[in-house]
Amino acid sequence: MIENAAETRVETIARLNDRCRQGLDRTARITVTRTCLATLSTDSLASEAVAQARLLQELRRHSFAADCPERDRGSFIIDDTEVFFRIDYYDPALEWGSEDPADASRTTRVLTLMLREDL
């Protein structure tokens with residue numbers, strides 16, 4: 001019985017993480033490191049906007065391997081550059097870690113897109 005409860009919790013976290021990646025969680029934050037944005041764009045605002053759109057497109061298309069049941073991290077390639085992402089869980093005020101990532105009312109998800117050197 002305990003195993004089923006743990007599986008249900010993991011499935012709930014995975015579903016909430018999918019909503020974050022898809023841009024459907026209005027409380028979530030998606031950030032891109034400076035290094036990542038600079039690598040994928042030139043100095044113009046238009047180029048940065050295009051790079052951000054491409055990052056979000058690839059993030060939303062990403063499919064997960066079985067070894068990531070919570071679907072909270074991964075990587076993909078854009079222009080021969082490997083981009084990593086990770087979802088962290090915070091309290092609603094973004095001051096502390098979340099006490100329960102499976103509870104959407106008590107958790108703000110922060111997804112960060114970064115390069116290897118940002119890890």
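This is a predicted model: local features need pLDDT of at least 70, side-chain atom pairs count only at pLDDT 80 or more; totals for chains, interfaces and linings use all residues.
User: Why is S4 called largely enclosed by the rest of the structure?

Analyst: Seven of the seven residues of S4 are buried, and therefore the strand is described as largely enclosed by the rest of the structure. The names themselves come from DSSP runs numbered from the N terminus, with helices being H or I of at least four residues and strands E of at least two.

User: How do you know that S4 pairs with S3, and in which sense?

Analyst: Two strands pair if DSSP finds at least two bridges between them, and S3 and S4 are joined by seven, in the antiparallel sense. Strand S1 (residues 29–32) runs parallel to S4 and is joined to it by four bridges, with Thr31 standing opposite Thr112.

User: What makes Arg116 and Glu82 a salt bridge?

Analyst: A salt bridge needs a side-chain nitrogen of Lys or Arg within 4 Å of a carboxyl oxygen of Asp or Glu, and the side chains of Arg116 and Glu82 meet at 3.8 Å, N to O. Arg116 lies in the segment after S4 (108–114) and Glu82 in S3 (residues 81–90), so the pair ties together parts that are 34 residues apart in sequence. With 53% relative accessible area Arg116 is exposed, whereas Glu82, with 32%, is partly exposed.

User: How many salt bridges does the structure hold, and how far apart are the closest N and O atoms of Glu58 and Arg61?

Analyst: The structure holds nine salt bridges, and in the one between Glu58 and Arg61 the closest N and O atoms are 3.3 Å apart. Glu58 has 23% relative accessibility and counts as partly exposed, while Arg61 has 55% and counts as exposed.

User: How do you know that the span of H3 agrees with its number of residues?

Analyst: The expected span is 1.5 Å times one less than the number of residues; the 17 residues of H3 should therefore span 24 Å, and the end C-alpha atoms are 24 Å apart, which agrees.

User: What makes Ser98 a buried residue, and what joins its side chain to that of Thr107?

Analyst: Ser98, found in the loop between S3 and S4, has 15% relative accessibility and therefore counts as buried. Its side chain is joined to that of Thr107 by a polar contact of 2.6 Å (a pair of N or O atoms within 3.5 Å; within protein, one must be able to donate a hydrogen and the other to accept it, and residues adjacent in sequence count only if both atoms are side-chain atoms).

Methods. Residues are numbered from 1 along each chain as its sequence is written. Side-chain values use heavy atoms; hydrogens and water are left out. Buried means under 20% relative accessible area, exposed over 50%, partly exposed in between (1.4 Å probe, protein chains only).
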